[in-house]
Amino acid sequence: SFPLQSQLSQALNGLSDRAKEAKEFLVQLRNMVQQIQENSVEFEACLVAQCDALIDALNRRKAQLLARVNKEHEHKLKVVRDQISHCTVKLRQTTGLMEYCLEVIKENDPSGFLQISDALIRRVHLTEDQWGKGTLTPRMTTDFDLNLDNAPLLQSIHQLDFVQMKVSSPVPAPPILQLEECCTHNNSATLSWKQPPLSTVQVEGYILELDDGNGGQFREVYVGKETMCTVDGLHFNSTYSARVKAFNKSGVSPYSKTLVLQTSEDTQSEEQTLPFPVPLERSQLRRMSPFSSTLNLQPSFPGRSYFELRSSAHQLSLHSSLQSLNSAGEPMAWFSFDPASAHADIIFSNDNLTVTCNSYDDRVVLGKTGFSKGLHYWELSIDRYDNHPDPAFGVARIDVLKDAMLGKDDKAWAMYVDNNRSWFMHNNSHTNRTEGGITKGATVGVLLDLTRRTLTFSINEDQQGPVAFENLEGLFFPAVSLNRNVQVTLHTGLPVPEFYASRSAMP
């Protein structure tokens, strides 16, 4: 009997496990009942709130439409009342003339009648003519020619329903950052990612996030279907953390591993031969829209710096091996003009360092690099200057007007100059006329000091006028406006000019 007891004991153990699982399952089901009730209350509240919001929007629109009807009502009444008043006056005058004429006809004085008869007849005809065609026609209809087109809204209301996926699909897996495709250049960073090789879950898009370069909160800088993005307008010599996640209709994936990247203290001139391997050029991306005031999505650029890659379990690190500072200890930026953001009439040459225009109207071109802090100086040499045009030089936001002189709107700070004098201009306000102009061969300098938040100009290495603009804050791109009578060449990576360096050294 002992083997049978053992078998029964084992069977009881198995049954006991099932009973235990059943009890736990019942607890789970009871929790589900509670959760369903709570979710139902929450869902109903959300539904009521959404419908109430639609009702509120409809009531606001109803009030606006009623106001328009009331305005039309008042207009119709005014026109009719004015016509009533005008017709009443004319009728009173006509009736008075008729009564006077009847009294004259009753008089038995033929000589007196002959004296006034001609004048009365002319007056009667004139009064009759004043009741000409259209005088006794209403100037306003009683109908309200307003037809409310509510059919599309009614159709939308009838189609208002819950959206429920037929097949519940899982959320995507975390994307993988592709280190070999990631790089920094000046104050821009290109990031590339992909889905895990074996992942079959459909992805609708990606969300790229960067912190503020100072260990602060992450923020979205790109949302879309692309798997490569260049973020421009970062701080020089700063350390940023980047991460990306994928999403579909079911939800959002966990984040990728975090990539830590160091923007360059400086980048070398593109003509310089680098003493180490250079990655292959990246394919061009279509231009994206800016997602914040300080981060702008730009077309991808060729990677020209060699990076040492270090990887750990939780963090990937990317650091540049290049360094070059100007005499003030600030980063020196090398950049060229940007064909992607320029007006279509701008003509580029000399590796996008030289620009002119095929229009007699002023057109704007920006530099590729944006600045949000630090001290930066660049020059523009005047290669051609015919018929005394007014080119303008300065800085601008990425969305500045491209078909007008720089400084015509509130998104540019500029100095425009002819062959005799210059002016500063921002938001179409012209200030500080200063003697001294430009000719062919002249050099215009632009000095942007975002530590002091000032913009200063020079001509032929001498400061032109006072400090042009103060209290500058945000992201600024070098900018020029010119027409077909001007050609300029950009020179970057320059030290701070002596007139400013000596002033900066003063206590």
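What follows is a set of questions on the labels, with the values behind them.

Visitor: What kind of model is this?
Guide: It is a predicted model.

Visitor: Which residues make the contact between H1 and H2?
Guide: From H1 come Lys90, Thr94, Leu97, Tyr100, Cys101 and Val104. From H2 come Phe113, Ile116, Leu120, Arg123, Val124, Thr127 and Gln130. These residues divide into 8 nonpolar, 3 polar and 2 charged.

Visitor: Which way do the residues of E4 point?
Guide: Gly205, Ile207 and Glu209 point one way from E4. Tyr206, Leu208 and Leu210 point the other way. In a regular strand the side chains alternate between the two faces of the sheet.

Visitor: How do you know that E4 pairs with E7 and with E5?
Guide: Pairing takes at least two bridges. E4 and strand E7 (residues 239-248) have 6 bridges, in the antiparallel sense. Within that pair, Leu208 stands opposite Val244. E4 and strand E5 (residues 219-224) have 5 bridges, also antiparallel. There Tyr206 has Gly224 as its bridge partner.

Visitor: On to single residues. Why is Gln178 called buried?
Guide: The relative accessible area of Gln178 is 17%. The cut-off for buried is under 20%, so Gln178 qualifies. Gln178 lies in the loop between strand E1 (176-177) and strand E2 (183-185).

Visitor: What is Gln178 in contact with, leaving aside its neighbours within four places in sequence?
Guide: The partners of Gln178 are Ser192, Trp193 and Lys194. Another residue to look at is Met228, 50 residues from Gln178 in sequence. The two are 9.6 Å apart in space, C-alpha to C-alpha.

Visitor: Why does Asn432 count as partly exposed?
Guide: Asn432 has 40% relative accessibility. Asn432 sits in strand E20 (residues 429-435). Asn432 is not a glycine, yet its phi is positive, about 55 degrees.

Visitor: What makes Arg453 partly exposed?
Guide: Its relative accessible area is 33%. That value falls between the 20% and 50% limits, so Arg453 is partly exposed. Arg453 lies in the loop between strand E21 (443-449) and strand E22 (454-459). Its phi is positive, about 65 degrees, although Arg453 is not a glycine.

Visitor: Next, the open sheet of 7 strands. What is its strand order?
Guide: The order is E13-E14-E25-E16-E21-E22-E23, with antiparallel pairing.

Visitor: Why are E13 and E23 said to stand at the edges?
Guide: Strand E13 (346-349) and strand E23 (462-463) each have a single partner strand, so one side of each is left without a neighbour in the sheet. For E13, 4 bridges join it to strand E14 (residues 354-357), and the two run antiparallel. In that pair, Phe348 stands opposite Val355.

Visitor: What makes E15 and E20 the edge strands of the open sheet of 6 strands?
Guide: The order there is E15-E24-E17-E18-E19-E20, with antiparallel pairing. Strand E15 (363-366) and E20 each pair on one side only. Neighbouring strands of this sheet are turned by 20 degrees against each other on average, direction ignored. E15 pairs with strand E24 (residues 477-482) over 4 bridges, and Val364 stands opposite Ser481.

Visitor: How many residues lie between E18 and E19 in their hairpin?
Guide: There are 3. Strand E18 (residues 412-417) and strand E19 (residues 421-426) are joined by 4 bridges. Val417 has Ser422 as its bridge partner in E19. Ser422 also stands opposite Thr434 in E20.

Visitor: What is found between E19 and E20?
Guide: Their hairpin has 2 residues between the strands. In this hairpin Asn427 takes a positive phi near 55 degrees. E19 and E20 pair in the antiparallel sense over 5 bridges.

Technical notes
Residues numbered from 1 in each chain as written. Predicted model: local features only at pLDDT ≥ 70, side-chain atom pairs only at ≥ 80, totals over all residues. Heavy atoms only, no water. Buried < 20%, exposed > 50% of the residue type's maximum accessible area, 1.4 Å probe, protein only. Contact = heavy atoms within 4.5 Å. Nonpolar A, V, L, I, M, F, W, Y, C, P; charged D, E, K, R; others polar. Axes fitted to C-alpha atoms, helices over the stretch in contact; angles between N-to-C directions.
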